[in-house]
Amino acid sequence: MGTVLILTGRDDLTADAVVEELAKRGENVVRYDTADFPTASRLAVSLTGDGWAGSLTGSRTLRLETVKSVWWRRPNEFVTPEEWPGPARALAVSEARSGLLGVLGSLPVRWINHPAQDSAANYKPRQLAVAARVGLDTPRTIITSDPEHARVFMGEDTVIYKGLGGGVLGPNGQRQLLPVSLVSAGDVDDGVTGTAHLFQENVEKAYEVRLTVIGTRMFPVAIHAGSEAAKLDWRTDYRSLTYERVDMPPEVEKGVRRLMDELGLYFGALDFVVTPDGRWKFLEINPNGQWHWIAVKANVPLVEAMADALQGDAECL
């Protein structure tokens, strides 16, 4: 029997649900957190004519030759002994990343998603460029560090400002949400020159859609905001949200398939605005977005679909 490898941290309810589903189906699952390497696990592999063969041993021993699929969920950073000097720790982490991830990343199996593709697809400018190229409807957008460029784009309108990355670092070193905000030309000053900024037209919303894609299967769910804060950014007020499964226009489905293909992704969590006249405006794709909450709230079989994919279900090829 082949092995399903899930790379994630210990506190991951989404992975817990999928592991439980796979166990019900009799699958052999190994869950591994890269934070255990190199201090709490050992890598011992040799190069063969078919690639790397050998073992990764932690709380369980994984034979690489048995792996049939890998879910790159949310593994933690590598950990080295605190008593080591700073330069030694930095070198060890760098070598661990290149060694362990290089070996695992070379496995010729189904990846959801391969970390190299996941990382590349995280860049919002690339997402938007590809989305526009494959025919998805995208909002008018600029990325700029030029105050005058920003003011000309805004004109008399109020526009959206959103972060280009994954949030900001808080005092404890954890990433914190950078919420969407509204700005106008009068708000722009020379501080814009300090870094790159993304400004986007403020699209009128009937509702938003979170589209979860797993292989060839697509699960669109409408998100209805019940507060002013949620209407601007639904992530700021989950308690006000209601959910509804909806159908997706064929032309949007076609564009999403092309987007996933060009980005090299197997999984994606995509956000759209649906306008009052029914147009679907693409906002972004998170190649490793959260989804278990929406599976529960909207009664969508995402856990089962992910388990199918990791098992190698033909429908997900």
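Two strands are counted as paired if DSSP finds at least two bridges between them; strands (E, at least two residues) and helices (H or I, at least four) are DSSP runs, numbered from the N terminus. The model is predicted, so local features need pLDDT of at least 70 and side-chain atom pairs count only at pLDDT 80 or more, whereas totals for chains, interfaces and linings use all residues. Residues are numbered from 1 along each chain as its sequence is written, and side-chain values use heavy atoms, without hydrogens and water.

**View 1. The pairing of β14 with β15.** Strand β14 (residues 207-214) and strand β15 (residues 217-224) run antiparallel and are joined by 7 bridges. Leu211 stands opposite Pro220 in β15.

**View 2. The open sheet around β14.** In the order β16-β15-β14-β17-β18, 5 strands form an open sheet with antiparallel pairing. Because β16 (242-245) and β18 (280-286) stand at the edges with a single partner strand each, one side of each has no neighbour in the sheet.

**View 3. Helix α1 and its buried face.** Helix α1 covers residues 13-24. Thr14, Ala15, Ala17, Val18, Glu21 and Leu22 are its buried residues (buried: under 20% relative accessible area; exposed: over 50%; partly exposed in between; 1.4 Å probe, protein chains only). Seen down the axis of α1, these buried residues fall within an arc of 160° and therefore line one face of the helix; the arc is that of the directions from the helix axis to the C-beta atoms. Leu13, Ala23 and Lys24 are exposed on the other side of α1.

**View 4. The end of α1.** After α1 comes Gly26, with a positive phi near 80°.

How values were computed
The expected span of a helix is 1.5 Å times one less than its number of residues.
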